[in-house]
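Hello,

Here is the structure I said I would pass on to you. Have a look at it first, and then read on for what turned up in it.

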Amino acid sequence: MEAEKPTTTVCTVVAIDHTSLYYTVCSFCERTLSETNTTCNHCTRNPSALPQSASGSKRLFRVLMSIATETKVFVVVLFDRAARVLFGSSAQDFIDFAKHHPFSANRLGMYFVLVAETASKILEGEMLRVTLSKPKNGNAQHQRVVSVVPLKSGFRPVMDTLREVYGVRAGC
């Protein structure tokens, strides 16, 4: 049976699940790691395959987003490449910004939640042209966004807007 071809559509961002914007992978082989165990079992079993520069883990975007087309509202997932277009940074840079910006934390120290909520609000209502594909994994629930193009001529990535909101210069 032939796999369905990707489809391109115009949509509006309805909401973003700000509670889980990223996941952790091995920085060498990019296999998914748990948040509690950031050592890759695959790479540690094959240490001779690791280059000298291999180190630990890194974070990649995995963003669940509700979008509305002219006919329906549904949830899609943006992985790292597509999410970087909207966020204007890597997942690790986004997390570092949230951790280190002094005005982004609330009294409970929930730095990431506050910044992630703001990022979600920044993207709500944005019109996008997205290319969607069916997941290759039979267990996956949501279509994947394989490419995204913001349609607003003055679109600014989330990180640019966050830096402005929190009064931080680029590179800080």
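A note on terms before the tour: helices (H or I, at least four residues) and strands (E, at least two) are DSSP runs, numbered from the N terminus. With that in hand, the order of elements along the sequence is β-β-β-α-β-β-α-α-α-β-β-α, which comes to 5 helices and 7 strands.

Please keep in mind that this is a predicted model, in which local features need pLDDT of at least 70 and side-chain atom pairs count only at pLDDT 80 or more, while totals for chains, interfaces and linings use all residues. Residues are numbered from 1 along each chain as its sequence is written, and side-chain values use heavy atoms, with hydrogens and water left out.

**The whole chain**

The protein has 172 residues, of which 36% count as buried. Buried means under 20% relative accessible area, exposed means over 50%, and partly exposed lies in between (1.4 Å probe, protein chains only). Among the contacts with a separation of 6 or more, 63% are between residues 24 or more positions apart.

**The core**

A nonpolar core here is a set of buried Ala, Val, Leu, Ile, Met, Phe, Trp, Tyr and Cys residues joined through side-chain atoms within 4.5 Å. The largest one holds 34 residues, and the members that touch the most others are Met65, Leu78, Leu86, Phe87 and Phe94. Take Phe87 as an example: leaving out residues up to four places away in sequence, Phe87 touches Leu21, Phe61, Val63, Phe94, Ala119, Leu123, Pro157, Val158 and Met159.

**Helix 3 and helix 5**

Helix 3 (residues 91–100) and helix 5 (residues 158–165) pack at an angle of about 15°, with their axes 11 Å apart. Helix 3 is therefore roughly parallel to helix 5. Angles under 35 degrees count as roughly parallel, over 145 as roughly antiparallel, 65 to 115 as roughly perpendicular and the rest as oblique. The axes are lines fitted to C-alpha atoms, for helices over the stretch in contact, and angles run from 0 to 180 degrees between N-to-C directions.

Which residues meet here? From helix 3 come Asp93, Phe94 and Phe97, and from helix 5 come Val158, Met159, Leu162 and Arg163. This contact is made of 5 nonpolar, no polar and 2 charged residues. In that count, Ala, Val, Leu, Ile, Met, Phe, Trp, Tyr, Cys and Pro are nonpolar, Asp, Glu, Lys and Arg are charged, and the others, Gly among them, are polar.

Within helix 5, the buried residues are Val158, Met159, Thr161, Leu162 and Arg163. Thr161 has a relative accessible area of 18%, and apart from residues up to four places away in sequence, Thr161 touches Ile122 and Arg156. Just after helix 5, Gly167 has a positive phi of about 65°.

Phe155 sits in the loop between strand 7 (143–150) and helix 5. Phe155 counts as buried, at 16% relative accessibility. Not counting residues up to four places away in sequence, Phe155 touches Val85, Leu86, Leu123, Glu126 and Pro150.

Thr7 lies in strand 1 (residues 7–16) and is partly exposed, with a relative accessible area of 43%. Neighbours within four places aside, Thr7 is in contact with Val130, Thr131 and Leu132.

Thr9 is in strand 1 too and counts as partly exposed at 25% relative accessibility. Thr9 and Leu132 are 123 residues apart in sequence, with C-alpha atoms 8.0 Å apart. Beyond residues up to four places away in sequence, Thr9 touches Thr69, Leu128, Arg129, Val130 and Leu132.

Thr69 is in the loop between strand 4 (57–68) and strand 5 (73–79). Is Thr69 buried or exposed? Thr69 is buried, with a relative accessible area of 18%. Setting aside neighbours within four places in sequence, Thr69 is in contact with Thr9, Val10, Cys11 and Phe74.

**One more loop**

Glu30, in the loop between strand 2 (22–26) and strand 3 (32–33), has a positive phi of about 60° although it is not a glycine.

Best wishes

Terms used: Contact = heavy atoms within 4.5 Å.
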